[in-house]
Amino acid sequence: MPRLGGMREVTSAYTVSIHYDRRLYRQDIAGSIAHARMLAKQGIIDDDDATAITNGLQEILQEIEDGSFEWRPELEDIHMNVENRLHEKIGEAAGRLHTARSRNDQIALDIRMFAKDAINEVLDAVHDLRSSIVLQSEANITAVMPGYTHVQRAQPVLFAHHMLAYFEMLGRDADRFRQAYDRADVLPLGSGALAGLPYPIDREFVARELGFSRISRNSMDAVADRDFLLDFQSAAAICMMHLSRMAEELVLWSSDEFAFTRLSDEYTTGSSIMPQKRNPDFAELARGKTGRVFGGLMALLTLMKGLPLTYNRDMQEDKEGFFDTFDTLLATLTIFADMIDKMHIVPERMREAAQGSYVLATDIADYLVDRGMPFREAHGVVARLSEYAVGRGVQFEELSLDEYRSFSDLFDEEVLAISVESSVGARDVPGGTAFSRVKQAVVEAKTQLLSEQGAESDS
């Protein structure tokens, strides 16, 4: 057991959150300035006091920005550190700032404001990554590669079509973050500790000052709600899952076995004993960091699951995981945008892999169907044909017409024209991998990015 003095240090440090909630200083000060202005507008405090409070808070913001502010752990959190410094600067008037406010609705305000700012940064980073994907797709629009199921070569596809699948995934991620933003965009200030306030406050004024679209409707829910953080954590977990899937493909594609891509030297590292190695460490780390983002979601779900209304001190633990998730996701998105942008594609190797396998089997079955054979029967014919080719160590393109006809009289010379290019071209349906469809998909993707960028800059 620690000595008494050591035990006091442990217990005094146990409730301290300033080492991480200091990140909320901009939001905390902005919220306090808006609150002070509202109090003066409503005649709850004097204009002179509101002016002194506002000027003092702006000076404190500058002190924090330039690094001269002294953070004091014994004051526990961001709120008390700022309020104590304000009292040092302006005296008794500082005590009027907390009129008609509780730390419960104050922290709910701060974290909502931070979440909104964080989501906007994430949306910008998602946009940049999607742009990099579109640019790589457009630059390699004719590159053919094998598409896979079960990590087995399945059918030929365009590389651009493959990459645009991630464009779609990240688009859904962006939608989820926009939904999370909407649910964070609710002003809780004015709820007090839990029951509302006995002052003639103007919550709509504060909402306008701080850029909130609406105010909370239930004071108890407002101080107890962390669903908006769960929305963020959930959206982040799904987004990191998508990035981890992309990371896995980049690891495979950059290996000697695939050799479809070559990652920039900035995003690979060497081995300590094997000088020839170019390890895709950044992609691998993204896979690993996905687990900590999943953990952040599970930690917050577990934190909230047993809490009665309203605020409980457990909720102090909502921030570290959220900050870590935000930092991890933003860094990963930023790195991936640049890594994809600088990735070198090897189209000849991709085509060789597509051609050097039996990915045309479905096309040959479709060929028989087009000549009247039921698909299930055609499937059986081509299965036997595939076994025949594999047994002789040859590709479909190396079979003679006589060999084809030994499996079905429906085969004619046109079967010899089936190729990876004809296979890709045959998928000329909406959402398919045909060149014309993928080219149009790139155009639509670029239009979508421009539209989203314009909409978000206007909001």
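Visitor: What percentage of the 459 residues in the chain is buried?
Guide: The model is a predicted one. A residue is counted as buried when its relative accessible area is under 20%. Of the 459 residues in the chain, the share that is buried comes to 49%.

Visitor: How does the radius of gyration of the chain stand against that of a compact globule of 459 residues, and what is its value?
Guide: For a compact globule of 459 residues, a radius of gyration near 23 Å would apply. The C-alpha trace of the chain spans about 100 × 50 × 40 Å along its principal axes. The radius of gyration of the chain is 30 Å.

Visitor: Is Ala180 buried or exposed?
Guide: Ala180 lies in helix H7, which covers residues 159-184. Its contacts, leaving aside residues up to four places away in sequence, are Ile119, Asp231 and Phe232. Because the relative accessibility of Ala180 is 1%, and the limit is under 20%, this residue counts as buried.

Visitor: What distance separates the C-alpha atoms of Ala455 and Asp256?
Guide: In sequence, Ala455 and Asp256 are 199 residues apart. In space, their C-alpha atoms are separated by 43 Å.

Visitor: At what angle do helices H4 and H5 pack?
Guide: Helix H4 comprises residues 47-66 and helix H5 residues 78-90. Their axes are 9 Å apart, and H4 passes H5 in a right-handed crossing. The packing angle is about 115°.

Visitor: How many nonpolar residues are there in the contact of H4 with H5?
Guide: On the side of H4, the contact is made by Ala52, Ile53, Gly56, Leu57, Glu59, Ile60 and Glu63. H5 contributes Val82, Arg85, Leu86, Lys89 and Ile90. By class, this contact has 4 charged residues and 1 polar residue, and its nonpolar residues number 7.

Technical notes: Residues are numbered from 1 along each chain as its sequence is written. This is a predicted model: local features need pLDDT of at least 70, side-chain atom pairs count only at pLDDT 80 or more; totals for chains, interfaces and linings use all residues. Side-chain values use heavy atoms; hydrogens and water are left out. Axes are lines fitted to C-alpha atoms, for helices over the stretch in contact, and angles run from 0 to 180 degrees between N-to-C directions. Helices (H or I, at least four residues) and strands (E, at least two) are DSSP runs, numbered from the N terminus. A crossing is left-handed if the near helix is turned anticlockwise from the far one by less than a right angle, and right-handed if clockwise. Contact means heavy atoms within 4.5 Å. Ala, Val, Leu, Ile, Met, Phe, Trp, Tyr, Cys and Pro count as nonpolar, Asp, Glu, Lys and Arg as charged, and the others, Gly among them, as polar. The radius of gyration is taken over C-alpha atoms; the globule rule is 2.2 Å times the number of residues to the power 0.38. Buried means under 20% relative accessible area, exposed over 50%, partly exposed in between (1.4 Å probe, protein chains only).
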